[in-house]
Amino acid sequence: MKKVYLLLLFISITAFSQRKTETINSTSLEETRTITVELPASYENNKTRNYPVLYLFDGEYLLDPFSGALKYGTYWDDLPEVIIVAIHQNKNDEREDDSTFDGINGLPFEKGAKFFEFVAGEVIPLVERKYRTAPFRIIAGHGVTAGYLNFFLYKEVPIFNAYISMSPELATQMEVRVPEKFAKLKTPLFYYLSAADGDVKKTKEPIQKLDQNIKIANNPLINYKYDLFKNTTYYSVVLYSIPNALNQIFDAYKPINLAEYNDKIVILKSGYVDYLRNKYDIITKTLGVEMPVRMNDYIAVETAILKNNAYDELGILAEIANTSYPKAMLGEYELGLMYEKMGDAKRASKKYQNASQMEPIGKLNKDLMYDKIDEMNGLIKKK
């Protein structure tokens with residue numbers, strides 16, 4: 001029964017995301033093209049929030065699998081909400097012409113060059129003008145379009161922040177040019193590459209060379225992952241690749257789990273709050289997602305502080321609480337807890353009194369604050 005309830009709840013939440021069809025009279029392509037924009041469920045209700053954007057080549061058939069994976073990850077708060085822009089390329093097999101490159105120099109050619117300008121000069125500006133977008137762009141493709149998306153890396157400043165290339169058909173010298181570009185990059189970039197063991201030899205061998213060369217480039221600013229999936233085909237590799245790619249790109253977004261707590265936080269000798277700040281700085285600055293500190297993450301750091309008797313850091317933690325939850329009692333409670341642990345019952349009682357006049361949050365409520373006040377006053381009387 002519980003599984004059925006969760007499934008129905010998941011369906012009810014995701015049902016409110018909305019899709020819009022945009023028709024673009026392209027001056028670059030000299031033709032009309034269509035894109036589908038899927039907005040997150042919270043888009044209409046949260047007017048101040050900006051969202052990362054995922055651009056999809058082969059949009060007709062990649063939209064649903066990406067959308068489903070993102071909605072599931074969002075439900076469990078492992079992935080952020082994202083605007084999806086699906087570029088239609090399959091009605092008349094436009095994907096082949098869109099991906100045209102010169103066989104000698106390996107650069108976009110004829111329709112391929114025009115399609116590059118269409119994406120960079122028309123689609124992206126339209127989306128960023130019309131919708132609330134964060135400064136984090138992802139591009140994904142499959143097969144010939146997965147190879148084509150690498151051309152956006154050739155720019156002096158890459159147009160996208162993250163690339164998802166599934167069983168790509170690589171252009172001339174692409175297995176060399178992409179790693180050469182990676183070796184020179186001075187800004188962070190995510191790159192996901194996958195292949196199926198069922199891919200044809202002429203596709204698989206360049207992918208393997210690309211993987212080897214990227215590893216040789218070894219730029220720490222490149223967050224790189226390569227998957228070779230066993231027992232898969234060119235078509236099924238998409239379903240294996242999507243969750244792995246999204247989890248790679250948004251790994252820093254995930255809430256603190258038990259492994260992270262045990263392996264990275266509680267073992268610190270100091271700097272527990274710095275760890276929390278750095279985590280959310282990465283979420284904001286690298287992924288373009290602005291959000292308050294999750295209570296789960298907040299409690300994990302508080303627990304580590306108490307376990308290691310680093311009570312002075314509770315005061316710094318209170319500053320984060322007051323920023324993320326200014327109307328809640330969390331910040332004053334942390335100050336009260338700090339003074340209590342340091343043996344200053346009088347000041348602790350005052351902070352708990354302040355907290356009792358503010359809004360409850362999580363497990364913190366007025367009854368708990370009154371109990372803490374009575375406890376502190378009892379200690380004061382004993383003195």
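This is a predicted model: local features need pLDDT of at least 70, side-chain atom pairs count only at pLDDT 80 or more; totals for chains, interfaces and linings use all residues.
Local features are reported at pLDDT of at least 70 and side-chain atom pairs only at pLDDT 80 or more, while totals for chains, interfaces and linings use all residues. Residues are numbered from 1 along each chain as its sequence is written, and side-chain values use heavy atoms, without hydrogens or water.

Begin by selecting D251, A252, K264, K279 and I282, which lie nearest the centre of the largest pocket among its 22 lining residues. A pocket here is an open set of points on a 1 Å grid over the protein atoms alone, where a 1.4 Å probe fits, with protein on both sides within 12 Å along at least five of seven lines, and lining residues have an atom within 4 Å of a point. The space in this pocket is about 490 Å³, taken as that filled by probe spheres set on the points. Its lining comprises 11 nonpolar, five polar and six charged residues.

Next select α8 (237-249), one of the elements that give two or more residues to that lining.

Finally, select E30, in the loop between β1 (18-26) and β2 (31-39), where phi is positive at about 60°. N218, between α7 (201-217) and β8, likewise has a positive phi, of about 50°. Exposed means over 50% relative accessible area; E30 is exposed at 65%, and N218 is exposed at 61%.

Definitions and conventions:
Helices (H or I, at least four residues) and strands (E, at least two) are DSSP runs, numbered from the N terminus. Ala, Val, Leu, Ile, Met, Phe, Trp, Tyr, Cys and Pro count as nonpolar, Asp, Glu, Lys and Arg as charged, and the others, Gly among them, as polar. Buried means under 20% relative accessible area, exposed over 50%, partly exposed in between (1.4 Å probe, protein chains only).
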